[in-house]
Amino acid sequence: MRTRKASLPLLFSVVFMDMVGFGFIIPLIPDYIAKFGGNPALAGLLQASYAIGQFFAAPIVGRLSDRFGRKPLFLFSIGGTFLSLLLLGFAPSLAFLFLSRILDGLTGGNITVAQSYIVDITDSRNRAKGLGLIGMAFGLGFIIGPLFGGLLSRFGIAAPAFVAAGIAFLNLMLITFVLPESLTSERKEALAKNPRRAFSGKLLVETLRRRGTGPVLHMTIVYSFAFVLFESMFAIFASTALGLDSATRGLLLAYVGLLVAFVQGGLVGFLSKRFDERMLAVVGISLAAGGLLFYALSPSLPVLVIALLPLSIGSGIGSTMLRTLLTKSVPHEASGGTLGIASSVESLTRIAGPLAGGALLALLGPRMPGIAASILAAYTAWFGYRFLIKEDCLAEGGVSCSEPL
């Protein structure tokens, strides 16, 4: 038990440093594309290439970790990240830039393995705490990464990639020599008897047709797509529309991350005890929709900073409430599977969102992805008001809606 408790801080460190390394690169995407003479709209394709690789590889990495253990798959995943970052730092052309991101995506899945590791070393009473620790490491790393990535870029565009590669190498050493294997032979046998259910279109359609779960999952899909439109095109927008450098873009991304962390870490709990969760979801997403429009039309940096405030607060409230409502729309024993479906769909939006954002940027300019995201978020809020509040699709039994979706 002592070894298991000691593994948690180490696992936190591994995930935190990995996300810092990942976040280093985000504000630099416009600079890499400009360096090789590419069209700014390629930013969407570049981010989608990573997401495509991860969408296909992450479930495979998860299943292989069930069979061979967590530690070997950790080494595979972070080893791939290390190689991809070296490739990024030395990239002589746009083709190598894409190759780097595809390799990182294909060997991705360390968050999946980390969550599986937590399940191995915790009991049901302490599991939420352990998973929360991983979520905290994920969030903090994503805040700090873009901030320092932008600052390091002042030493050259390749500097953040090499520093991130150094972090990945340190993680490899920690996993190799310090982190113990968590998967026991008994646990391995149990996983073999109850393999993970693969995501499929049929499973998604079945879930969307459920009277209680369907409306919330519908909202989750549309809003996730809207937010990915914003997230994937933000650096390009800040660079092309407002002329902001990589350091400023990194500071802005850290600012958004801190606001979302504050909301999700404290404000949501305070509000949910005092207000109806369905109303909070609708109000939060409405606030985000307004913030997205304000952001897309921002003429200067000070206005952009103000616009990101309601966007971040609304998103923090709305996304958390959607996840909460999703778990409450199904029996307790089915909540894990439903969240898994939502995560798979969100992975798909991380492919489609950047592609759509890049196309909108190329055809209609850098402000259009934000405007489109605002429209989608506004639709999500309207849909939530219609089905969650007015017709109460989450009433007991989930069968009180008067007409089909």
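1. Helix α8 gives the lining of the second largest cavity its largest share, four residues. At least two residues each come from α1 (2-25), α4 and α8 (159-177). Helices here are DSSP runs of H or I with at least four residues, numbered from the N terminus. The model is predicted: local features need pLDDT of at least 70 and side-chain atom pairs pLDDT 80 or more, whereas totals for chains, interfaces and linings use all residues. Residues are numbered from 1 along each chain as its sequence is written, and side-chain values use heavy atoms, without hydrogens and water.

2. The residues lining the second largest cavity are M17, D18, G21, T81, L85, A164, I167, A168 and N171. This lining divides into five nonpolar, three polar and one charged residue, and the cavity volume is about 30 Å³. A cavity is a set of points on a 1 Å grid over the protein atoms alone where a 1.4 Å probe fits but cannot get out, and lining residues have an atom within 4 Å of a point. Volume is the space filled by probe spheres set on the points.

3. The structure holds two cavities of 30 Å³ or more. The largest has a volume of about 50 Å³ and is lined by I26, I29, Q47, E231, S232, F234, A235, I236 and L253. Helix α11 (residues 213-240) provides the largest share of that lining, five residues. By class, the lining holds six nonpolar, two polar and one charged residue.

4. Helix α4 (residues 70-90) and helix α5 (residues 94-106) have axes that come within 8 Å and cross at roughly 170°. The two helices are therefore roughly antiparallel, a term for angles over 145 degrees. Axes are lines fitted to C-alpha atoms over the stretch in contact, with angles from 0 to 180 degrees between N-to-C directions.

5. In this pairing, F76, G80, T81, L83, S84, L87 and L88 of α4 meet F96, L97, L99, S100, L103, D104 and L106 of α5. Contact means heavy atoms within 4.5 Å. The contact residues comprise nine nonpolar, four polar and one charged; Asp, Glu, Lys and Arg count as charged, and Gly counts among the polar.

6. The structure has four salt bridges, each a side-chain nitrogen of Lys or Arg within 4 Å of a carboxyl oxygen of Asp or Glu. One of them joins the side chains of R249 and D31 at 2.5 Å, N to O. R249 lies in helix α12 (residues 246-272) and D31 in helix α2 (residues 29-35), so distant parts of the chain, 218 residues apart, are linked.

Technical notes:
Angles under 35 degrees count as roughly parallel, over 145 as roughly antiparallel, 65 to 115 as roughly perpendicular and the rest as oblique. On a 1 Å grid over the protein atoms alone, a cavity is a set of points where a 1.4 Å probe fits but cannot get out, and a pocket is an open set with protein on both sides within 12 Å along at least five of seven lines; lining residues have an atom within 4 Å of a point.
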